[in-house]
Amino acid sequence: MPRGDLRRARHDGARVSVAESEARHRALLGALPDGVLLQDLNGSVLLANLRAGQLLDLKLLEESSSGVPAQRRADETGPMVLNGHRRVADPRPGRIEGVNRISSAALRSGQMQSGFTDPVLVDGVSQLLQVTSIPLLGDDGMPRAVVSSVAPATDPAAVPSAAQEAGGDDIFRRTMQHSPIGIAVATLNGRFLRVNRTLCRMLGYRADELQARTLADIVHPQDIATVRARIAGLISSDEDSLRLERSFVGHGGMHLWGTLVITPIRDSSSRPVQLVVQVEDRSDLYQAQGLMTHMTLHDRLTGLPGRPLVLDRVQKALDRTRRSGLRAAVLQGDVDHFRVVNDNAGYEDGDEVLAEIGRRVAASLRAGDTAGRLGGDEFVVVCDDITDEGEAGAIADRVRAAVNEPLVLGGRTLRPTISIGIALSTSADNDPLMLLRDAEIATYQAKNRGRDRWDTVDTGLRKAASERLDLESQLRTAISDGELELHFQPIVGLTGRRVIGREALVRWRHPQKGLMPPITFLPIAEESGLIVELGAWVLRAAVRAAAASLDPGYVAVNVSPNQMIRPGFSAQVETVLAESGLPAGQLVLELTESVMLSAAPAARLEIDRLHRLGVRIVVDDFGTGFSALSYLRDLPVSGIKVDRSFTAGLGDDPQCDRIVEALIGLGHGLGIDVIVEGVETERQSDLLVGIGVQHAQGYLFGKPSPQYELQNA
């Protein structure tokens, strides 16, 4: 309907009754090329012509000769009846909503209103619909109904632009085109009307290509539903804008991460009519954040998941097993004797070995299993859908076989081995930490049973581990609470049985368990790292006791490998000697044969510094470790102690006799002192004197005692 006719209809019919107005308009409906419809105050469509039905997707009815309405599709053609109008049965939502916004505005204002709907398909082409609505007033001047004209918008200039709403087309266009942020103006359903160069460049499209798309086309498919729901909420509310962090899809499937800001453009009645879309490319930031997250969750050396991610994978495996009825398994593996590799080859080559072992472990697993590194030489495997121990053991065997493949390092071929502990979940398990703990317990057992094997945890192991943990906790406080004490065992000259020195041996006087020998707590101290603190206490207490004695003999102190590899150990010894006043020549430090052989460069420096101080170095448990004896030549060793395991067979086992005699001959040949441990009988003492042994230690000469000064044996 032309606007002039509508205006005249408004003025001529403003005061007529609703019934008269309806009758006057019925005659015009059939002849008009535009869609025309009549609505009541609630927006219900009372009458519509066929064109309105086509444009607005209305369900029209025509009356039969009997007066019973018959349903008719909106796109059917045929003779017009009832003076060219159709009744409407249950109008379907969709396009009619755009008309309702404008007709409602006309009813509220009492004046003609014009506007546009969202784009719709008209004859196969996407177009906006231009709607002009005029209220029909009753005798009292109040609206009784509204009549609307609907037609495709043919004049682009008639469409309200975002530039006009923004305060000037030229200013808006220049600002939009030169913005470093991607900007677009879109309809309420997301179709792009205008785009700037930045957005085109960002997404890899030309302007015309992008304007043929919608916001849904550039949002990642997984996010479309969320974005649509948030936009619908924005339009229906009074919010100023919407901000989302999302992934976008550009030309050719390219992806970028960015910030999406959507701001509605509102008309004079505060109704949203269009959207301003802003996209800021933040891919570099997300990439950096992703890298940081990866570094946080993954081991730097191997690239495998670290402890936090491993715990998450264990939890997910437990969750899945509750649904499947199967079991989860955690396999923890420790590389056997890895310290020897580090000490001999250096930490850089050691890291190379660990990285290669990590690759081998990961490559040996089933699809879906997780390999991780907990630190040091500890690796972990997380599996679900495990039926029984046998299946978990088969996975452990594949890991062992992969790790054991030859590995060339610095021109030498190594064959690493790994000890693996297996923990299987039960229906009651829901704590990832407990499952990891059980796997660790089983790993200790595998190592104690010979290494290069796998073991599973059982009730007895759990109990022992719990007791061990309690003992470790108590040992931490025992050092500070003064529960440790030193006992001293004499070292004598076999000729005359004169005491030449004393070995300091630590004991723990437990408040409930009484006096505990070192075998019950020293291994725990070694594994937990407490040995460093405990060893420092023993050194200081032993040196003070010797300094306070009038006896000129020396004091021997056992030194742990963990103490020796710590930088500054020699400086600690020097400080203790200076504080006590004990001459350095009266202190002997006993190191095991394995420590001497595998001494890293840093430890060798510490040994040299101790020698320069005047402190003597004795190799303890000699003959039980490695066969290489080059360290006796290369390091400043002043003596060796022949292990008690050889002494026990003296006189009864000819092989023991020959071994002891050979070891003593070796020591004398190198010009170093030889001390034989474990002498308990006079017969053993006489045999040792007969083969030239000068110094010995054992129960025959005195048991360990808390008293430093003892009578000469």
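This presentation describes a predicted model of one protein chain, from its overall make-up to a few individual residues.

Good morning. Two remarks on method come first. Residues are numbered from 1 along each chain as its sequence is written, and side-chain values use heavy atoms, with hydrogens and water left out. Because the model is predicted, local features need a pLDDT of at least 70 and side-chain atom pairs count only at pLDDT 80 or more, whereas totals for chains, interfaces and linings use all residues.

Let us begin with the whole chain. It contains 27 helices and 31 strands; helices (H or I, at least four residues) and strands (E, at least two) are DSSP runs, numbered from the N terminus. Of the 713 residues, 46% are buried. Buried means under 20% relative accessible area, exposed means over 50%, and partly exposed lies in between, with a 1.4 Å probe and protein chains only. The chain exposes about 34600 Å², and carbon and sulfur atoms supply 51% of that area; such areas come from the Shrake-Rupley method with a 1.4 Å probe, and for residues only the protein chains shown count as cover. Among contacts with a separation of 6 or more, 58% are between residues 24 or more positions apart, where contact means heavy atoms within 4.5 Å.

In what order do the strands of the open sheet of five strands stand? The order is E17-E18-E16-E21-E22, with mixed pairing. Two strands pair if DSSP finds at least two bridges between them. Strands E17 and E22 (454-456) stand at the edges with a single partner strand each, so one side of each is left without a neighbour in the sheet. Neighbouring strands here are turned by 25 degrees against each other on average, direction ignored. For such angles, axes are lines fitted to C-alpha atoms, for helices over the stretch in contact, and the angles run from 0 to 180 degrees between N-to-C directions.

Five of its six residues are buried, so E17 is largely enclosed by the rest of the structure. Strands E17 and E18 run antiparallel and are joined by five bridges; within this pair, Gly 375 stands opposite Glu 378 of E18. The two strands form a hairpin with two residues between them, and Gly 376 in the turn has a positive phi of about 55 degrees.

Further along the sheet, E16 and strand E21 (residues 418-424) pair in the antiparallel sense over seven bridges. One of the residues concerned is Val 335, whose bridge partner in E21 is Ile 418. Helix H12 (residues 307-324) lies across E16, E17 and E18 and runs at about 15 degrees to E18. Helix H15 (residues 389-403) packs on the sheet and touches E16, E18, E21 and E22, with its direction at about 160 degrees to that of E21.

Two backbone angles deserve mention. Most residues other than glycine have a negative phi. His 337, however, has a positive phi near 55 degrees; this residue lies in the loop between strand E16 (327-335) and helix H13 (338-345). Asp 385 also has a positive phi, near 60 degrees, and lies in strand E18 (residues 378-386). Is Asp 385 partly exposed or buried? Asp 385 counts as partly exposed, because its relative accessibility is 38%.

Next is Ser 133, in strand E9 (residues 129-137). Ser 133 is buried, with a relative accessible area of 0%.

Finally, the largest nonpolar core has 64 residues, of which Leu 534, Val 555, Val 573, Leu 587 and Leu 589 touch the most other members. Helix H19 (residues 531-548) gives the most to this core, with seven residues. A nonpolar core is a set of buried Ala, Val, Leu, Ile, Met, Phe, Trp, Tyr and Cys residues joined through side-chain atoms within 4.5 Å. Thank you.
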